[in-house]
Structure formats: structure tokens, C-alpha cells
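Subject: Structure handover

Hello,

Here is the structure I promised to pass on. Please open it alongside this note.

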Amino acid sequence: MLIKFKSLLFFSILVGLSEYADAQLISDKDQFTRGDTLRGMLTPLRTSYDINYYHLDVKVNIEKKYISGSNLFRFTAVRDFKRLQFDLFRNLKVEKVLYKNLELKFERSFNAVFVEFPDSIKAGTKDEFTVFYSGKPTIAANPPWDGGFVFSKDAAGKPWVAVSCQGIGASLWWPVKDHQSDEPDSMTISVSVPKGLMNVSNGRLRSKQDLRNGYVRYNWLVSNPINTYNVSLNIADYTHLRDEYQGEKGKLSIDYYVLKQNSAKAKSHFNADVKPMLKCFEHWFGPYPFYSDGYKLIETPYLGMEHQSAIAYGNEYKKGYAGSDLSGTGHGMDWDYIIVHESGHEWFGNNITSKDIADMWIHESFTMYSESLFVECTKGKKEAVNYLNGIRTSIQNDKPVIGPYNVNKEGSGDMYYKGANLLHTIRTIINNDTLWLEILRGLNRDLGLKTTTTEEVIGYINTKSGKDLTSVFDQYLRYAGIPLLEIKSNPDNSISYRWKADVKGFNMPVNIRSRNETDWRLVHPTEEWKTDRNIKKTEELLVDTANFYINIQSIL
């Protein structure tokens, strides 16, 4: 997901949504309704069935801004049940729910739909039902930060349509179990569009059918687990450019779908960053997770989004973030931010997905950190640290990075800049880049293609590093502030130091040295004062604030 850039470097509040939206990404909402709980909580009506496969089949009437179609739910019963919940925004009509040629009874509450089966479905049973629906979907006022459709036109006046829905949810435009914890193992996406236009979705194009009614259906198959907010459609008069990359798992197909007027400049602009990015991220994170579905960039009428194997690109072939450098260091103008950041999400967000959006830092902190690793790949570690220090100017320290659970609500926007600096701090504490590389690759190998939690990610890093870093993660993720290192000089000219933090027992090590030393020493302050007689006088002490994101206070 993109951070929002306004003026120089700060997060702004996103625009309000339509009456149909109960929650939205990066909003200031603190009071929650039953609708939020229905959207965000894993109740027995949701956990009773595990999604194996979807077939979304939707027709887009661009002139009327109207959609209609169906979605097949193929599932395995986790326990005996007779009633379940799926989700669809209430401005869209459920035409019918069909099960074994029988229309099922259903009820609606907020954006949830409750279906009653004629008989109990037994645990272990594989079964399916189909939901037919129609209506005018929510139009995005400020995509991609508020979810919805974009009905636009290209320079030639031809329709240009796309959708984005992270945070607000896929149920904004299609019926689905709308919770990040349950990804289908595979999915077919069929989109019917007016003749003369093309639809590009996730995965690989399997067929194209002339429906002989003025519409053409494009059938795309996703062969990997996919989170439903990543499911996309992109409709335009596209040109298709092909390339390939020799990666860790062999040949990776690269496809670019761009507006015809941009075809000449698109390939050279994309290739300048795409292949170096893939090489860098495969080094740090392991093989691109979706070789069987390929890698795509699709030109969109909004800035960008990490749609799995179908990344939305709208940065207008500029370097930086919409032509600006988020770090203020100059390094951010050497590459196209949307290509690097949104592609980083293929590993963190799409391969590794948080079960609850409250843990969205797992997506955004690692992905923003990946930007610094790209700088490191191209310019070296010193400049990567410089980049991370530059983005600190946008940290607000306003509220916890982890949000409230079970109400579909993320935490602070600090999950981006602060989260990236937290991960670099963790790397510095581990102090073994070979091990750090193994941890990042191991996360994608062992936690990939499934959903996870904060506790699981931290536990993994603790186990692999051999260090208990829980209190460090807790301070930066679960509290608004960062730790304060207090330093004082003693009558004998020695110095003492201690941590002041929200986490009880906080004990993060930190690098210090005197001015006349060249090497850092890793010391271990605690909440109690510790005296260090190896360094004299507070003013002679240097603290490694470039690699540790902390505050310092000298007490004379």
C-alpha cells in the first residue's frame, strides 16, 4: 500500500468514504460499530469454512458504471455448520445464492450476508455455492487510498477503468469472505469488457471469449494463494510488452500492459528498475514468490498498488514518488518508487500476509525497509543508512503501529518510516549481515504463501537470531513513543546510562564510543542505571543514532 504524500513529507488523513464503508485504511476512526466487528472479526460463521477456490465472473458496463456477475465459493468445512457469513457491500444487490440448484435463504446486516443451508454441512466436506450479484460499485474519490472503482479515459478518449480496495476490502466490488486470514489456494478471474478494450487481472491469461453481445470475456488464472484485496481488474486499450528475467528459479516472465501512447517509453523506463529490483530482492528475500503466475506491471489511472502478479503502476514514468524524493537525500530520485515499493510487496504483503489488518506493519515496515536494501544493492550500505535516516523526518510517533484487532483497523501510518527504521535497528543489534540475510529469506520461505501474525514473525526472528528481541519490537510497535537513553556524568568523571521506555524490562543494546575511538562498543543498558568507567565525561560520548532509532537525553 502507498503512503500518502502531501506538501513535503507527512501523512495526511484520507478522504471520507461513502455511506457504505464502515472502515477505511489509515483513518482516524477510534469508535467502532457492529459493522466493523462483522467485517473484522473471525466469528464461527467465518471460521467454519476454509476457502479453496473462487471463480469471479463479472461484467463491467462502463457507460452505466455498473457491474454484474457471480462468484463461486469452493470450500472445505472446518466443522459442522448450517449457516455462514460472506461479505458484500450493501449498495450491491445479492440477486441469489445458488447451492445444488437450490436458491438459499439469506439475510443482510451492514456489509455482511448470512446464508442458511438446508442441511448441516459436515466437517471435512468439500462443497460449493455461487452468489449472483449486481449494482453500481463505490467510486473512489482519491484512489488508491480510499477504495473503489476509477472510471477514467486515456488521452485518446477511450475508457480506462481500474479498482483498488486494500483496507476497505474486496467486498466493495465482489462477494467474498472478506478477511485477510483466508486466502483461496487458486482463483479464476473472468472479466467481460466492451469489444475493443482489454482486461488485465492477476495471474496468467488462459483464454479470451467473444460473447457476441458486444463484450469480450478475459479469463485469468491465479495458481497461487492470493489475498482478496489483491484481486484486480484493469480495463483499457492496452499494448502488451513482453520480457523475461533469469532468476533464482529459472526464467520469470515479465509483462507490461501500458496505454498505447506510452508504449515507446514504457519498456526502457521499466527495465531500468525492474530487473535490478528483482536481482536485489531475490538476493535479500529469496526467489520471487509467484513464478507460475509471472510478474506484471499494469498502467493504471491512479498512483499504484501491490496487486499480486499484477502491480498497478501510475507514476507517469517518473523517478521518485510522483517526482519527489521521500527521503530528502537524493537517493530516492534514482529509481521509480512505485516499481520498487510495490514490487517489494510481492514478498511482504502478498507472499507473507497478516491475518488481521491490525498487523499491517508486516506488509509496510518490511516493504519500506526493502527500499533501503535496494539503495544498498545499488550504492552500498552507508547510503542505505543515509536513506533510512532521511525518511525519519516523516515519523509522527503519534500512536501505536499495531492497530486494534477484530475491527478491520490498522495502526499508525508510522508502520512505514518508523517500521523500516525498527528493522534496521534489529539488523544492527543482530550484528551479523549473513544471519540477517538468512532471516529475511527464511521468513519468505517458511511463512510465505500463507497468513501470519506479529507474534509469529517476532518469534521467528528471535529463534533464528538466538536473541530475545520481543521487548524491542513491543516498544516500537505497541507504543507510540520510542525508547529514551538517559546519560549522566558522575563525580568521578565516569558515565552512567539507562533506558526509559514503556515496555517493562526494556533492555535493548546500543552502540556507543568516545570521540577518540573509531569502533563502536555494544553496551546493554537496562531500566536501572549502569555505570561505565571506560568512557569519561558525558560530552565525550557518542551514541550510534544512525543505526539505532532512539532519543537521547543528557543529565548533567
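Below is what turned up, region by region.

This is a predicted model: local features need pLDDT of at least 70 and side-chain atom pairs count only at pLDDT 80 or more, while totals for chains, interfaces and linings use all residues. Residues are numbered from 1 along each chain as its sequence is written, and side-chain values use heavy atoms, with hydrogens and water left out.

**The open sheet**

Eight strands form an open sheet, in the order β5-β4-β8-β2-β1-β11-β14-β13. Its pairing is mixed. Strands here are DSSP runs of E with at least two residues; helices are runs of H or I with at least four; both are numbered from the N terminus. Two strands pair if DSSP finds at least two bridges between them. The edges are β5 (102-103) and β13 (204-210), and each of these pairs on one side only. Within the sheet, β1 (residues 49-61) and β2 (residues 66-77) run antiparallel and are joined by 12 bridges. Valine 58 has glycine 69 of β2 as its bridge partner.

Strand β25 (residues 510-514) has five of its five residues buried, so the rest of the structure largely encloses it. Buried means under 20% relative accessible area; exposed is over 50%, and partly exposed lies in between (1.4 Å probe, protein chains only). In a regular strand the side chains alternate between the two faces of the sheet. In β25, Val510, Ile512 and Ser514 point one way, and Asn511 and Arg513 point the other.

β25 pairs with two strands described here:

- β26 (residues 521-523) is antiparallel to β25, over three bridges. A hairpin of six residues joins β25 to β26. Valine 510 has valine 523 as its bridge partner.
- β28 (residues 541-543) is also antiparallel to β25, over three bridges. Serine 514 stands opposite leucine 541.

Arginine 513 also lies over the face of tryptophan 520, at 4.7 Å from the ring centre. The test for a charge over a ring is NZ of Lys or CZ of Arg within 6 Å of the ring centre and within 35 degrees of the ring normal.

**Nonpolar cores**

A nonpolar core is a set of buried Ala, Val, Leu, Ile, Met, Phe, Trp, Tyr and Cys residues joined through side-chain atoms within 4.5 Å. The largest has 104 residues. Phe270, Val274, Tyr295, Tyr337, Trp361, Leu443 and Phe473 touch the most other members. Helix α3 (residues 263-285) gives this core its largest share, nine residues. Apart from it lies another core, of 62 residues, including Phe89, Leu92, Phe117 and Phe151.

Tyrosine 337 is in contact (heavy atoms within 4.5 Å) with residues including Leu2, Ile3, Met368 and Tyr387, leaving out those up to four places away in sequence.

Tyr387 is itself one of the buried residues of helix α6 (residues 381-391). Others there include Ala384, Val385 and Leu388. The cover over the buried residues of α6 includes α4 (337-344), α5 (361-379) and α7 (417-430).

Cysteine 165 counts as buried because its relative accessibility is 1%. Glutamine 166 is buried too, at 1%.

Cysteine 165 is in contact with Gly147, Ala170, Trp173 and Tyr229, leaving aside neighbours within four places in sequence. The side chain of glutamine 166 makes a polar contact with the side chain of glutamate 306 (3.5 Å). A polar contact is a pair of N or O atoms within 3.5 Å; within protein, one must be able to donate a hydrogen and the other to accept it, and residues adjacent in sequence count only if both atoms are side-chain atoms.

Histidine 363 lies in helix α5 and is buried, at 0% relative accessibility. Its contacts include Gln166 and Tyr229. The side chain of histidine 363 reaches the backbone nitrogen of serine 354 at 2.9 Å.

Best wishes
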